[in-house]
Amino acid sequence: MRKALFRPVIALIALTVLACTAGCGTGASPASPVRFGGPQAGAALHAVPPGKRSLVQWPTHPIGFTEESRVGGAGRDTPIGVTTLHGPKSGFTGKVWVWAPPEYYEKRNAHKGFPVMEALPGSYGFPVNYWIGSDLKLEENLAQWSQDGSSLPFIVVMPVLNPDDKQYYDGSDIPGRPKIGTWLSQDVPDLVRQNFRTLRTRDAWAVMGSSSGGFAALKNVLQHPDTFKVAIPNGPDIVPDSPLWNGHARQERENNPEVLARRLIARGGPPVYLAFQDGSRENTVLPKVRNFIARYGHGPVHTRLQVVPDGTHSAATYVQGLGEGTMRWVSARMQGPTA
């Protein structure tokens with residue numbers, strides 16, 4: 001199922017990215033530099049009263065991103081930037097796209113840190129993360145929902161999910177393979193902290209993903225609850241199934257969400273919030289999700305299931321679900337912009 005998922009979407013986005021590289025867009029050069037940290041960060045840092053620790057995490061090492069595209073509508077022409085990240089902890093090198101909501105640029109919010117959502121694609125998620133696509137309008141919708149009061153204004157970070165389009169790495173550190181688990185849970189969040197005004201609390205960190213990316217979202221929240229508080233697993237796989245685990249049964253078990261959920265429940269937390277989304281026509285995935293919720297949705301593991309009427313195993317279905325209640329539920333359990 002994974003290999004067939006979202007192929008048309010990936011192909012469309014890849015063509016769009018290539019076309020924009022050749023000169024299309026909204027009038028701005030695709031090579032325009034974008035800096036999200038800004039020179040004001042240092043001055044704002046010194047505005048904190050002596051002896052007090054600000055909840056705001058100021059950018060520590062801002063870099064220049066290349067402008068990929070711009071978000072219209074409620075997104076108010078805000079840029080999506082892209083960079084190639086050489087992960088110092090994972091050793092993996094891959095592309096990462098980032099976007100900040102319109103509120104991030106407003107003068108009244110210049111001293112505020114913002115919540116973050118890491119958005120992971122389905123299928124191989126390489127070489128492009130399809131959440132940057134204008135056809136899905138994730139960023140434009142998030143901006144509209146924030147304006148309507150049904151979502152927090154999230155910074156969105158969108159890394160590649162796998163090192164290639166040949167194998168799935170289950171968002172994990174498989175022995176002898178690129179450390180994709182470390183890349184997603186440490187290197188990518190560190191990149192955001194270095195370049196954006198964020199918050200020093202797990203209450204401001206969420207990870208969303210679809211299909212294979214949904215598995216990675218589910219697994220990483222249960223495996224790293226000190227980093228992430230919320231997961232939005234869309235049509236997710238429930239257990240690891242990469243053939244690369246062959247010969248590594250112990251490590252595979254250490255990356256199994258069922259095992260991780262049992263351990264989290266046994267030790268009593270910290271609490272995590274799992275906002276599952278599925279289409280009503282996902283006849284293979286939906287029963288597995290319901291079973292996971294029935295078995296592990298108690299104690300510190302809080303769950304919710306958004307079933308999209310007539311929905312399929314597709315990114316468009318999951319964006320619809322986000323607007324039909326998921327983002328409101330998630331946002332109510334997270335920390336909003338704070339000074």
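Predicted model: local features only at pLDDT ≥ 70, side-chain atom pairs only at ≥ 80, totals over all residues.
Local features need pLDDT of at least 70, side-chain atom pairs count only at pLDDT 80 or more, and totals for chains, interfaces and linings use all residues. Residues are numbered from 1 along each chain as its sequence is written, and side-chain values use heavy atoms, leaving out hydrogens and water.

**View 1. The open sheet has ten strands with mixed pairing.** Strands are DSSP runs of E, at least two residues, and helices are runs of H or I, at least four, numbered from the N terminus. Two strands pair if DSSP finds at least two bridges between them. The order is β1-β3-β4-β5-β7-β6-β9-β10-β11-β12. The edge strands, β1 (33-34) and β12 (301-308), each pair on one side only.

**View 2. Strands β3 (residues 65-71) and β4 (residues 78-86) run antiparallel.** Five bridges join them. E67 has G81 of β4 as its bridge partner.

**View 3. Helix α3 spans residues 138-148.** Its buried residues (under 20% relative accessible area, 1.4 Å probe, protein chains only) are L138, E139, L142, A143, W145 and S146. Seen down the axis of α3, these fall within an arc of 165 degrees, so they line one face of the helix. The arc is that of the directions from the helix axis to the C-beta atoms. Just after α3, G149 takes a positive phi of about 90 degrees.

**View 4. The crossing of helices α7 and α8 is right-handed.** That is, the near helix is turned clockwise from the far one by less than a right angle. Contact (heavy atoms within 4.5 Å) involves P257, E258, A261, R262 and I265 of α7 and F292, R295 and Y296 of α8.

Technical notes:
Buried < 20%, exposed > 50% of the residue type's maximum accessible area, 1.4 Å probe, protein only.
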